[in-house]
Amino acid sequence: MRHAWTRLWWLVPSLLIAACGPSQEPVASAEAPAEVGASTRPVLYPPPAPPSGNIVDSTAFLGPVGLNDAVQTRFTTNPQYLSFSFTVAAGAQVSLEVTHLGSSMYLDTGLFIYGPKNANGSYGTTVLAQDDDAGYGQLSKVASLTLAQGGEYLAVVSTGTGAGKQFRLALGCLNSACAQDDLFTACDLDVATRIEVCDESVVETQQVTPAQALPQCTDAQDAHNAWLAECAVPSGQKAWCANGEAAFTSRMWPVCKDFYQRYYGAGPLPLAALEDNDAINEARATGHTWCKTGENFCDEFLWTFNVPSIAGTQATQLDWVVEGAFAALPELSTDPRVQFTRYPNLTYADFASRIAWAFPDLGQVLPQELGNGTEVPQVAHFYDDPLVAAGAHDFHNLYIVYFPVSHRTAVFWLIQHEY
């Protein structure tokens with residue numbers, strides 16, 4: 001597998017950009033909203049509200065800053081407004097600071113936070129928090145800001161007199177709930193590479209099979225070492241590091257182990273059940289009610305799982321997902337009356353149309369709740385029609401719907417009754 005991966009090594013130099021904001025006199029803005037850690041003193045040089053209504057248009061946008069990480073750059077003109085995006089999960093508590101370390105002496109800055117970005121790509125113009133001089137000297141600092149909504153936010157660092165001076169903006173996570181959940185659904189590529197390199201080394205030195213070597217590369221100490229390698233670094237941390245080692249050990253590390261369990265032939269791909277999803281449950285309940293009216297036209301079962309995968313590589317094989325689903329759900333193969341036969345794979349549109357007579361809402365909801373909105377799901381189809389009474393059959397359609405980018409799958413078993 002390793003040879004099929006394209007390893008990406010990112011070299012992130014200091015950001016340098018020249019951007020001239022509109023000429024203006026120093027302006028004292030309204031007091032900041034009552035946010036924990038945000039100064040209520042007048043702030044110099046707030047970015048002017050642009051005609052577009054998207055504050056980023058009044059700034060020079062320099063890209064993202066990572067959680068528990070920092071960016072460093074330089075002002076080139078007066079006044080100037082430099083902006084950086086950051087992405088967090090709902091309920092994240094963060095700190096933002098123009099730090100003494102990495103910033104020029106006698107620099108005076110302002111700090112503003114906007115967002116989250118909406119569906120139209122706008123951060124709006126409403127300031128969520130702002131500060132003038134709460135940091136070292138005349139540097140800016142928002143010590144604690146809780147963001148109820150998950151999404152992408154914008155931090156703007158401004159100056160009126162700092163042309164030629166550099167600064168360092170640091171973003172911290174304060175409550176171990178900053179990283180988005182989807183960062184844990186697949187094994188990080190660098191973490192996976194550590195496991196593979198270790199396994200190959202054990203195979204070579206001990207003359208054992210890859211499956212036999214795997215436990216020596218995936219114990220608690222291996223997990224800790226992987227965490228240190230990616231997260232105990234002064235800069236360049238992975239975004240998922242923000243939630244702490246416990247989150248990595250309990251959520252991502254098992255995904256890594258489970259993937260290699262199948263890859264090295266130590267067993268089927270283990271699928272981890274997802275928590276109940278209200279939107280999916282509601283869509284299913286609507287169809288269930290229809291099935292149970294009148295003559296009890298049908299029955300249905302639905303399960304959703306996370307699929308162990310490696311981020312940034314090709315999707316897991318659909319056959320592996322199918323194998324994992326049958327291993328996770330013994331009821332699919334333990335009834336001697338139902339002997340599923342695999343039929344040709346379906347497109348998602350075909351699947352949605354086949355269940356639309358009873359479950360039209362479910363076909364619409366699954367991509368929204370399990371997918372990313374743009375990926376193309378893969379659908380495996382199984383069928384059987386056993387005789388259950390004289391002249392009466394049950395028609396069993398089993399659909400295993402795999403979302404290859406979001407690393408999730410839905411198993412939907414629909415049984416129609418003949419009378």
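**Note on strand pairing, aromatic contacts and backbone exceptions**

1. S176 has a relative accessible area of 47% and therefore counts as partly exposed (under 20% is buried, over 50% exposed, partly exposed in between; 1.4 Å probe, protein chains only). The residue is placed in the loop between β9 and α1 (189–206); helices (H or I, at least four residues) and strands (E, at least two) are DSSP runs numbered from the N terminus. Although S176 is not a glycine, its phi is positive, at about 55°.

2. The model is predicted, so local features need pLDDT of at least 70 and side-chain atom pairs count only at pLDDT 80 or more, while totals for chains, interfaces and linings use all residues. Residues are numbered from 1 along each chain as its sequence is written, and side-chain values use heavy atoms, with hydrogens and water left out.

3. N68 sits in the loop between β1 and β2. Its relative accessibility is 29%, so N68 is classed as partly exposed. Most residues other than glycine have a negative phi, and most peptide bonds are trans.

4. The bond from N78 to P79 is cis, with omega near -15°, and P79 belongs to the loop between β2 and β3. Another cis bond connects G115 with P116, where omega is about 0°; P116 is in the loop between β5 (110–114) and β6.

5. An open sheet is built from four strands in the order β2-β9-β4-β7, with antiparallel pairing (two strands pair if DSSP finds at least two bridges between them). At its edges are β2 (69–74) and β7 (141–147), each of which pairs on one side only. On average, neighbouring strands in this sheet are turned by 20° against each other, direction ignored (axes are lines fitted to C-alpha atoms, with angles from 0 to 180 degrees between N-to-C directions). Within the sheet, β4 (residues 92–98) and β9 (residues 166–173) run antiparallel and are joined by five bridges. S95 has G172 of β9 as its bridge partner.

6. Another open sheet contains five strands in the order β1-β3-β8-β5-β6, and its pairing is mixed. β1 (60–64) and β6 (127–131) are the edge strands; each has a single partner strand, so one side of each has no neighbour in the sheet. Here too, neighbouring strands are turned by 20° against each other on average, direction ignored. β1 and β3 run parallel and are joined by three bridges; P64 is partnered by S85 in β3.

7. Strand β13 (residues 378–384) is mostly covered, with six of its seven residues buried. β13 pairs antiparallel with strand β12 (residues 341–346) over four bridges, and H381 of β13 is the bridge partner of Y343. β13 also pairs antiparallel with strand β15 (residues 392–403), over seven bridges, with F382 opposite L398 in β15.

8. The aromatic pairs number 26 (rings of Phe, Tyr and Trp, the last by its six-membered ring, pair if their centres lie within 6.5 Å; planes under 30 degrees apart are stacked, over 60 edge-to-face, the rest tilted). F86 and Y153 form a stacked pair, because their ring centres are 5.8 Å apart and their planes stand at 20°. F86 is in strand β3 (residues 80–88) and Y153 in strand β8 (residues 151–159), so the pair ties together parts 67 residues apart in sequence. F86 and Y153 are both buried.

9. F340 and W413 are edge-to-face, because their ring centres are 5.6 Å apart and their planes at 70°. This pair links distant parts of the chain, 73 residues apart: F340 is in the loop between α6 (318–328) and β12, and W413 in strand β16 (residues 408–417). Both residues, F340 and W413, are buried. They belong to one aromatic cluster together with F301, W303, F326 and F382.

10. On the surface, W290, F297 and W357 make up a nonpolar patch with about 290 Å² of accessible area together (patch residues have over 30% relative accessible area and no salt bridge; like charges are joined within 9 Å, nonpolar side chains, Val, Leu, Ile, Met, Phe, Trp and Tyr, within 5 Å; areas are Shrake-Rupley with a 1.4 Å probe, only the protein chains shown counting as cover for residues; a salt bridge is a side-chain nitrogen of Lys or Arg within 4 Å of a carboxyl oxygen of Asp or Glu). W290 belongs to helix α5 (residues 278–291) and has a relative accessible area of 38%, which means that W290 is partly exposed.
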